[in-house]
Amino acid sequence: MKNGLYFLKLLKWYINDEKGQPEEGIDWDEILRLSITHSVQAMVFMAVDKFDEKVPVYEELKKNFLMAVNVAVLQDIGMEEVIAVLNEAEIKYIPIKGYVLREYYPEREARSFGDIDFFIKEEDREKCHKALFEVGFILDEANFTREIWPYKKGVLSIEVHTDIMRHKLYNDFDYIGYCRKMCNFENRVSGKLYTYKLKDEDHFIYLMIHLAKHFYNAGAGVRMVLDFAAVINKTGDSLDFEYIRSELEKIHLTEFSNIVFCICSKYFDTKIEYSDIDEKKEEAVLKYILGHGVFGHDDKNVIKIIYNRDGKHGVKLFIDRIFPSYEEMTARYRWFVGCKRYMLPYGWVRRLFLQLFNKEKRNSIGYRLSAAVGDNKDVETHLKMLELVGLKK
């Protein structure tokens, strides 16, 4: 844990604009690996760049920093085009997640993200699709869902949402409906015609739900926790935490959010109140977060975790993978939307054919089936962790 704790110190120094120093016995190759794994290379570089002496991986971190800045510039240029397209088509939209969060960091370019996410109204879906297609954006059919249509153009990846939450957690609370009410287009950004935003408190709550969703499905890395520290540091007392805590209790995330606040306070010096938690519990959660990537487990373990968590094993799991339900087919495949239930066998055959020749390894049927069998040690560990953080009863 020594290297992991020092890694967290580097991030603390960065978001608080503090000057730190190297420490004895640190494995800098491991620090570099953690930085890449959690996609915070630029932040770590900006922390070590203030040191009085260069660390062994300085040049490698600098290279990653320059790459991050270059990607951020290209993303900004690409997003300007997207905004122009949406304005031209008179489509209202709400940016969410990484594209919004980077504004809370000391240097916005340092907060990397893969996709730019924004929400639109369901009735604007086809109009938005046509407008993006006309300027060269290609719909990524392999990762399509009914609620999220992903597009690519050059280095830019965008995800256009008509729902910002589409998963259930461990309880029966309607997170999908709750998040849908947030996207009410009541807060237009000053000086913009079609750009709207979630209320700051609602975006904070949504981020907690989003983190819980990632944790529930596959675990989550350090960056998603660091985001809360960055938001709290930047907003200070302007966020209504009485409202936030009340809502977190209503949506059954009090215990989970308290752990997040504890980590932010203890390891990133965030000024946030929290209830003390057991030291062994804190250490176990921290070790678990440090041990995985920015979005938790790899793809194979995600599949194993989700299906074992939901009680699907052996033959039942195999059948479920080969013959998805009508609901899953309509949620996952654009070409099947609108098909009648009796057309399900056609859907299975076409899906099987497409996955047999899928160029993306993680979307091939062989990969998914191989992921569903074998050692379940990671699954058992994850399920125990869900109980520990209050996401499984």
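Reply: Helices here are DSSP runs of H or I with at least four residues, numbered from the N terminus. This is a predicted model, in which local features need pLDDT of at least 70 and side-chain atom pairs count only at pLDDT 80 or more, while totals for chains, interfaces and linings use all residues. Residues are numbered from 1 along each chain as its sequence is written, and side-chain values use heavy atoms, with hydrogens and water left out.

Thr330 counts as buried because its relative accessibility is 10%; buried means under 20% relative accessible area, exposed over 50% and partly exposed in between, with a 1.4 Å probe and protein chains only. The side chain of Thr330 makes a polar contact of 3.3 Å with that of Arg146. For such a contact, a pair of N or O atoms lies within 3.5 Å, one able to donate a hydrogen and the other to accept it, and residues adjacent in sequence count only if both atoms are side-chain atoms. A polar atom of the Thr330 side chain also lies 2.9 Å from the backbone oxygen of Glu327. Leaving aside residues up to four places away in sequence, Thr330 touches Arg146, Phe336 and Val337, where contact means heavy atoms within 4.5 Å.

Further out, helix H2 (residues 28-37) has Trp28, Ile31, Leu32, Leu34 and Ser35 as its buried residues. These residues sit on the same side of H2, because they cover an arc of only 165° around the axis; the arc is taken from the directions from the helix axis to the C-beta atoms. An α-helix has 3.6 residues a turn, so residues three or four places apart point the same way. Helix H1 (2-15), helix H3 (41-48), helix H4 (58-88) and helix H12 (279-290) are among what covers the buried residues of H2. At the N-terminal end, Asp27 caps H2 with a side-chain oxygen 3.1 Å from the backbone nitrogen of Asp29. Just after H2, Ser39 has a positive phi of about 55°.

On a 1 Å grid over the protein atoms alone, a cavity is a set of points where a 1.4 Å probe fits but cannot get out; a pocket is an open set with protein on both sides within 12 Å along at least five of seven lines, and lining residues have an atom within 4 Å of a point. The structure holds 3 cavities of 30 Å³ or more, a volume being the space filled by probe spheres set on grid points joined across faces, edges and corners.

The largest cavity holds about 60 Å³. H8, helix H11 (254-268) and H12 each give two or more residues to its lining, and H11 gives the most, with 4 residues. Phe215, Ile259 and Val285 are among the lining residues.

The second largest cavity, about 40 Å³, is lined by Tyr104, Asp200, His203, Phe204, Leu207, Val231 and Leu239. Here H8 gives the most, with 4 residues.

The second largest pocket holds about 360 Å³. Of its 15 lining residues, Pro95, Val100, Val189, Thr195 and Lys197 lie nearest its centre. Helix H5 (98-101) and helix H8 (200-217) each supply at least two residues of that lining.
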